[in-house]
Every structure is written in C-alpha cells, then in structure tokens.
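Some notes on this entry follow, for a colleague who will work from the coordinates. Please read them alongside the display.

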Amino acid sequence: MKDMLFEAPRGVTEIEVSHGFAQVQTHLGGQDLAATRLQVLKLLADSNISHKYLQLTPEGLAFVIRDAQVVPAIEVLSAAGFKFELHEGRSIILVKAPGIWEEKGMIASVMEAAIASGVEVDHVGDMHDRMYMVVRGEVAEDTAAKFRRQVFGSKP
Amino acid sequence: MKIKVLKFGGTSVATVEARAAAAQRVFDARQAGFAPIAVVSAIGRKGAPYATDTLIGEYRSVNPQLEPQARELDLIMACGEIISAVIFAQTCRSLGLRATALTGAQAGLETDGRYGNARVCGVNAKRILSLLEEGCTPVICGFQGASEEDRSEITTLGRGGTDTTAAAIGAAVRACAVEIFTDVDGIKTADPDAVPNAPTLRKVSYEEVAELAHLGAKVLHPRSAEIAMRHAIPLWVKNSFSGDEGTEIVDEDVSYEHELTGITHSGKLVYLRFDLTDILADRRSEFERRLFSLLAQFDIGLYMLNLSPAGIGFAVERLQFPSAERLLDGLLIPSENEPVILQLGSPSQKVQAQQTLLGGKARPVRVEITEGCTMISVVGRSYFGRPGVFYSILSILNEDKVQVFQTADSDFSVSFLIPETETHRAVRVLHDRLVVTPKIK
C-alpha cells in the first residue's frame with residue numbers, strides 16, 4: 001500500500017495565480033466604525049457587488065473584487081460619499097498548504113519569503129488549508145515562480 | 001469479502017455495558033455477512049484512569065517544570081489505546097467472536113515519524129487481511145502508528161487520530177464502509193452545547209464535513225474525511241447509544257439539501273495588532289521582513305493575518321502567546337537611522353530598560369493585545385460567493401452586540417474572531433437566523 005496516498009504531505013502543495021482583481025481599502029471615519037462598515041457592506045449587497053477576502057482594518061474595510069465590479073463599486077461608494085482607495089490590475093497568489101494552521105511558523109515563513117522577494121503585498125489572508133496574497137498583476141507570475149522554486153526546487 | 005470498519009470512540013468503550021454494546025455491533029456486522037474490523041480509542045475521557053488526558057497528566061505531574069519529551073509523550077499516550085484494544089478484543093471473544101488485538105504498528109500503519117502529530121504515509125494491510133481471511137476480527141489501536149523510517153518508534157496522529165486510523169485502514173483494505181461510532185446522533189449543524197436542538201445532517205459531502213471539522217466541529221476528525229474522500233470510502237457517523245441512522249458522508253454535492261451546513265467554533269486565541277502608522281513607508285517592508293522572519297524561526301503559528309496601511313494584525317493560540325510575548329515585547333529592530341522597539345500593551349520593564357539604554361531614541365511600535373478570543377465559522381458550500389453574505393452575518397452579530405475583531409473567508413466558509421465569552425450566544429444567534437433546517441430524507 002506504499003503507492004497509495006493517504007494524507008496530503010506537509011507544507012505547500014500548490015501555488016496558483018488568478019488574474020483580474022482589484023483591491024479596495026476604505027477610509028471610514030465616524031464614532032461607530034462597526035456601523036459604518038455595515039453601511040458599506042449593505043451598499044455593496046444592495047448593488048449586487050460581490051467581494052471576497054474581507055478584512056476589518058482600523059480604517060474600515062479591505063476587500064477584493066473582480067475587475068468587472070470595479071466601475072459599479074466606484075460609482076456606488078463615491079455616490080455614498082465613502083472615502084476609499086481602489087487598486088486595479090491585481091492578481092491573487094494562492095498558496096495551498098493543507099493544515100497550514102497546524103504547521104507552526106509556516107504562514108510567517110511564507111510572508112518572509114514574499115517580502116524578501118521584493119514584492120509589495122497589498123492584501124493577505126489565511127484559512128486552514130491556504131493563504132493568499134494580492135499583488136500587482138504584472139509581478140504575480142514571477143513572484144509565484146520564485147515561490148515555486150523556493151518550495152519545490154527544480155520541480156515544475 | 002465485504003469489509004466494514006467500525007470505529008469506537010472513548011465514550012463508546014468507556015464502560016462494561018458500552019463495550020458490550022459496541023462488541024454486539026461488531027457481532028451483528030459479522031452476522032450480516034461483513035468482515036468487520038474494529039478500531040478503538042482509549043477508554044473514557046479526561047478523568048478516566050486510562051484516558052489519553054489522564055496518561056498525559058500522570059507524565060507531566062512527575063515534574064511540571066520539565067518540558068515533556070515528545071517521543072515519550074507518544075509512548076505513554078499510545079498505552080491508552082493498547083489497553084482499550086486488548087480489553088475490547090476480550091469483550092468480542094466473550095460474544096463468541098474470534099478477535100485479535102493489534103497495535104497500530106502491528107496493523108501496518110506507517111507514519112512520517114513526527115511525534116505528537118504524525119501523518120499516515122502507508123498501511124501494510126497484510127496482517128489485517130490475513131486475520132480477516134481466517135474469520136478473525138482485528139481490533140486495532142487507533143491514533144498510533146510506527147515511523148516508516150524506524151518501525152520500532154511509536155508515533156501518534158494527533159487529536160482525533162483514531163478517526164484517521166479508521167479511514168486509513170478502510171482505504172487500505174478497500175472497505176465498503178467506515179462507521180464512526182460516537183456519543184451523538186451524527187454531524188450536527190452546531191455544537192449541541194451552544195444549540196441544544198441543532199438538527200443532525202443526514203447526508204453531507206466529504207468536503208463540507210472536512211471544512212466543518214477543520215473549523216471546530218468535533219464529531220469527526222478532518223483528516224479522516226479527507227482520506228475517505230481521496231479513496232471514495234463511504235463514511236458514516238453514528239451514535240453508539242441509539243438506533244439513529246446517523247450521518248452519511250458522500251462524494252457528491254448535497255448542499256441542495258441545506259444552504260448552510262453549519263456553524264462551528266474553535267480555538268483559544270489572542271489577537272495582536274501592530275500599529276505601524278509611525279513607521280515610514282520605505283522602512284516598513286524591512287520591519288515586516290524581520291518580524292515574520294522571527295515568527296517563522298520560533299515556530300509561532302499565525303491565524304487571520306492581515307495587512308493594512310495602518311498596521312499588521314494576526315491571532316496566535318493562547319498556549320503560544322507567552323512565547324510570542326517573550327519573543328516580541330521589547331524586541332529591538334535595528335535601522336540605519338532610528339531603531340524600532342516593540343511594545344506589547346503598556347510598557348514593560350524590558351521595554352523601559354531598552355529605552356533607557358538607548359537614551360529614548362528607539363521609536364516604539366505599539367502592539368494592542370486582545371486576549372480571550374475565539375473563532376466562529378459559518379460553513380455552506382452554496383452560500384458563499386454571492387453578494388450580501390458578509391453583510392447578513394455581520395449585521396446579525398452587530399444587532400446582537402457581538403464584537404468582531406477580524407474575519408477570514410474561503411470558498412465555502414467565513415470565520416469571525418470574537419470574544420470567547422460570546423461564543424455560545426454568537427453560535428446560537430447565527431444558527432437561529434441562518435441555518436435552514438435540513439430536509440430529512
């Protein structure tokens with residue numbers, strides 16, 4: 001039974017790149033930040049704008065949208081008077097690593113490698129089986145290739 | 001030969017009566033024409049004389065100041081399942097079954113050799129198959145195996161490892177079913193301690209159950225679901241103490257039966273937020289590189305990592321927080337112009353001493369600490385990706401005055417970092433408002 005794979009090997013198993021995203025960072029003021037965040041989210045929901053990788057920041061919210069949602073997002077957020085920055089032409093580097101939360105130090109070491117490679121990471125996050133980084137589209141493939149070389153050596 | 005693996009958890013073998021009932025299930029499987037294999041956990045839960053936690057406690061109590069040795073911790077933990085397998089094999093024999101107790105190593109389970117959290121890398125099922133051919137029931141110790149590099153070394157599979165053993169054995173012998181017997185009716189839509197009337201999911205996909213388990217549902221270990229998925233082994237979770245049909249875990253998308261699969265909670269976490277507003281942009285990446293390098297070097301596990309112009313945030317496990325605190329508080333990060341000193345919470349003696357030595361020239365980076373956090377998660381394969389999901393969940397939590405520190409999301413789950421004191425209330429309110437009672441087949 002040595003040829004059977006029972007459990008995923010430890011560490012990074014796959015690195016994927018997806019293109020065609022934008023990152024949004026809001027700069028919300030006000031006394032009740034939680035309520036203002038909800039206003040932004042309701043506005044997006046009512047405008048049928050889906051987003052992912054939502055994070056709560058001291059300035060409000062950060063999230064990622066598809067390129068196709070950029071124009072409507074700008075329109076509705078601007079019309080409502082919310083301050084925000086929108087970074088277009090972003091790509092997502094998805095680092096798949098089953099059980100990454102159990103492998104202590106792994107998330108930090110992926111971040112260290114990313115920063116050492118010189119790439120500017122706009123947005124980052126993790127789940128139990130993956131972490132992702134949002135970077136400028138033009139450097140995404142090169143950065144992913146560097147990661148693959150670091151992780152898998154000469155293997156493709 | 002139709003092989004069925006029956007796994008019995010700690011409560012299912014905790015008493016003479018429970019063991020007799022479990023052995024009867026093995027007997028019934030044999031009578032129904034199956035070749036049964038039993039996989040057992042240690043007897044009982046914390047406080048029971050041979051339970052895993054009791055054995056660990058006994059070892060640690062020798063000298064609480066001494067760091068436990070991982071290898072020996074595995075040796076003592078493995079004893080619980082060995083005792084259980086021997087007792088259970090004898091219980092089976094008392095019903096007239098032929099049975100043989102096997103350690104994980106004797107059953108051929110090979111691991112990658114990592115003490116305390118080994119992964120299964122092979123199963124040599126020759127001995128198990130030979131016993132089955134002879135009409136004998138193997139009673140296998142869960143949670144343990146032998147290192148493939150050195151077969152004399154016992155390694156354990158981590159919490160919930162007996163489920164993993166059952167699935168791996170099931171895959172190796174191409175079992176027609178693996179049945180996990182526990183003390184609840186199956187996989188629930190929420191922890192019954194938080195939601196006592198949480199319904200049992202009758203059919204759920206491997207992916208959903210693995211996601212639930214990874215995010216805190218305790219009824220089945222996620223690695224067992226992943227092994228079963230990889231080898232398409234039918235998996236069931238059933239109650240040892242009732243005739244309930246249980247939960248069937250299948251290789252198909254059954255999310256049409258329930259929009260949301262469940263609400264889970266997990267982890268005792270501490271949230272750290274580094275305020276980097278005073279760090280110049282051109283020095284920030286060097287600061288971040290050094291910070292992550294240290295965290296990696298000292299094996300600090302991070303959860304819900306996030307970056308923003310104002311700073312960095314992440315959570316660490318409460319057990320690791322003292323190490324993280326020792327590592328980070330007062331840490332001086334050199335720089336050409338102005339060094340930076342980390343200050344966790346209010347300035348400690350260490351920070352003050354460093355500042356005195358440096359004549360107050362180090363720029364402090366304040367790190368806000370929020371202790372007593374936990375993570376709740378909403379899991380549902382067909383629920384995510386559409387507009388308004390975050391708004392729905394966050395507005396429910398906000399209405400119920402549950403503070404949310406951070407969020408994270410994946411393909412079919414979202415997680416929220418909240419105060420641990422609010423766990424049950426938050427799970428209950430989300431369950432009540434979001435989980436549609438699954439259709440009962």
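Which residue in β12(B) does B:Trp236 stand opposite? B:Trp236 stands opposite B:Glu248.

1. Basis. This is a predicted model, in which local features need pLDDT of at least 70, side-chain atom pairs count only at pLDDT 80 or more, and totals for chains, interfaces and linings use all residues. Residues are numbered from 1 along each chain as its sequence is written, while chains are lettered from A and ligands numbered from 1 in the order in which they are written.

2. Pairing around β11(B). Elements here are DSSP runs numbered from the N terminus (helices: H or I, at least four residues; strands: E, at least two), and two strands pair if DSSP finds at least two bridges between them. On one side, β9 (177–182) and β11 (235–239) of chain B are parallel, with five bridges; within this pair B:Ile180 faces B:Val237. Strand β12 (247–250) of chain B runs antiparallel to β11(B), joined by three bridges. B:Val237 also has a bridge partner in β12(B), namely B:Thr247.

3. The whole sheet. These strands belong to an open, mixed sheet of eight strands in chain B, ordered β3-β6-β2-β1-β9-β11-β12-β10. The edges are β3 (99–102) and β10 (203–205) of chain B; each has a single partner strand, so one side of each is left without a neighbour in the sheet. From one strand to the next the twist averages 20 degrees, with axes fitted as lines to C-alpha atoms and angles taken from 0 to 180 degrees between N-to-C directions.

4. Contact between the chains. Chain A contributes 44 residues and chain B 51 residues, where contact means C-beta atoms, placed from the backbone, within 7 Å. On the chain A side, the elements giving two or more residues are α1 (33–46), β2 (52–57), α3 (106–116) and β5 (123–127). Of these, α3(A) gives the most, with seven residues. By class, this side of chain A has 24 nonpolar, 10 polar and 10 charged residues; Ala, Val, Leu, Ile, Met, Phe, Trp, Tyr, Cys and Pro count as nonpolar, Asp, Glu, Lys and Arg as charged, and the others, Gly among them, as polar.

5. Domains of chain A. An automatic or database domain assignment supplies the bounds: domain 1 is 14–18 + 90–152 and domain 2 is 22–88. Their C-alpha centres lie 24 Å apart. Six residues of domain 1 and eight residues of domain 2 take part in the contact between them. On the domain 1 side, β5 and β6 (130–136) of chain A each give two or more residues, and the classes there are two nonpolar, two polar and two charged residues.

Notes. Two residues are in contact if their C-beta atoms, placed from the backbone, lie within 7 Å.
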